[in-house]
Amino acid sequence: QVQLVESGGGLVQPGGSLRLSCAASGRIFQINTMGWYRQAPGKQRELVAAITHGGNTDYADSVKGRSSITRDNAKKTVWLQMNSLKPEETAVYYCNADIVTSSAFRSLEVWGQGTLVTVSS
């Protein structure tokens with residue numbers, strides 16, 4: 001079994017910053033791409049940012065210049081730093097990872113349980 005556990009969500013004022021963390025655990029051989037998605041009420045889940053095992057990053061246009069995704073392969077952890085947050089970015093943020101398990105050496109797409117970020121004054 002492999003799992004992703006997110007932390008760092010909460011209430012933040014407009015213009016504020018937040019750092020989300022996601023740690024993977026279980027029988028893991030390697031983690032390929034890790035990413036953050038978000039789903040606002042009544043909207044589809046969307047990609048916020050992603051990072052490959054080698055450190056290449058990709059961002060949604062809406063967060064470019066305001067966000068930074070980083071990872072530590074040894075710690076099996078990915079972080080999302082978000083700055084200048086807007087009320088419309090209120091959503092449940094989900095961690096996602098493409099994980100190769102050490103039990104079967106096959107790739108699985110794994111999701112975290114989600115962490116709520118509320119941007120409000």
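The largest nonpolar core of this predicted model has 31 residues. Within this core, the residues with the most contacts are Leu4, Trp36, Ile69, Val78, Leu80, Tyr93 and Ile99.

- Two or more residues of the core come from each of the elements β1 (2–7), β3 (18–26), β4 (28–39), β5 (46–51), β8, β9 and β11 (115–119).
- Strand β9 gives the most to this core, with 5 residues.
- In soluble globular proteins, nonpolar side chains tend to be buried together.

**The salt bridge between glutamate 89 and arginine 66**

- The side chains of glutamate 89 and arginine 66 form a salt bridge, with an N to O distance of 2.8 Å.
- Glutamate 89 lies in the loop between β8 (77–82) and β9 (91–101), and arginine 66 lies in the loop between β6 (57–59) and β7 (67–72), so the pair ties together parts that are 23 residues apart in sequence.
- Glutamate 89 is buried, with a relative accessible area of 3%, and arginine 66 also counts as buried, at 13% relative accessibility.
- Salt bridges that share partners join Arg66 and Glu89 with Arg38 and Glu46 into one network.

**The salt bridge between arginine 38 and glutamate 46**

- In the salt bridge of arginine 38 with glutamate 46, the closest N and O atoms are 2.7 Å apart.
- Arginine 38 has a relative accessible area of 6% and is therefore buried, the cut-off being under 20%.
- Glutamate 46, by contrast, is partly exposed, with a relative accessible area of 36%.

**The salt bridge between lysine 64 and aspartate 61**

- Lysine 64 and aspartate 61 meet through their side chains in a salt bridge of 3.1 Å, N to O.
- Lysine 64 is partly exposed, with a relative accessible area of 48%.
- Aspartate 61 has a relative accessible area of 65% and so is exposed, since the cut-off for that class is over 50%.

**The surroundings of asparagine 32**

- A polar contact of 2.8 Å joins its side chain to that of glutamine 30.
- When neighbours within four places in sequence are left aside, asparagine 32 is in contact with Ile51, Thr52, His53, Arg71, Asp98 and Val100.
- Asparagine 32 and alanine 91 are 59 residues apart along the chain, and their C-alpha atoms are separated by 25 Å.

Terms used. Residues numbered from 1 in each chain as written. Predicted model: local features only at pLDDT ≥ 70, side-chain atom pairs only at ≥ 80, totals over all residues. Heavy atoms only, no water. Salt bridge = Lys/Arg side-chain N within 4 Å of Asp/Glu carboxyl O. Buried < 20%, exposed > 50% of the residue type's maximum accessible area, 1.4 Å probe, protein only. Helix = DSSP H or I, 4+ residues; strand = E, 2+ residues; numbered from the N terminus. Core = buried A, V, L, I, M, F, W, Y, C linked by side-chain atoms within 4.5 Å. Contact = heavy atoms within 4.5 Å. Polar contact = N/O pair within 3.5 Å; in protein donor to acceptor, adjacent residues only side chain to side chain.
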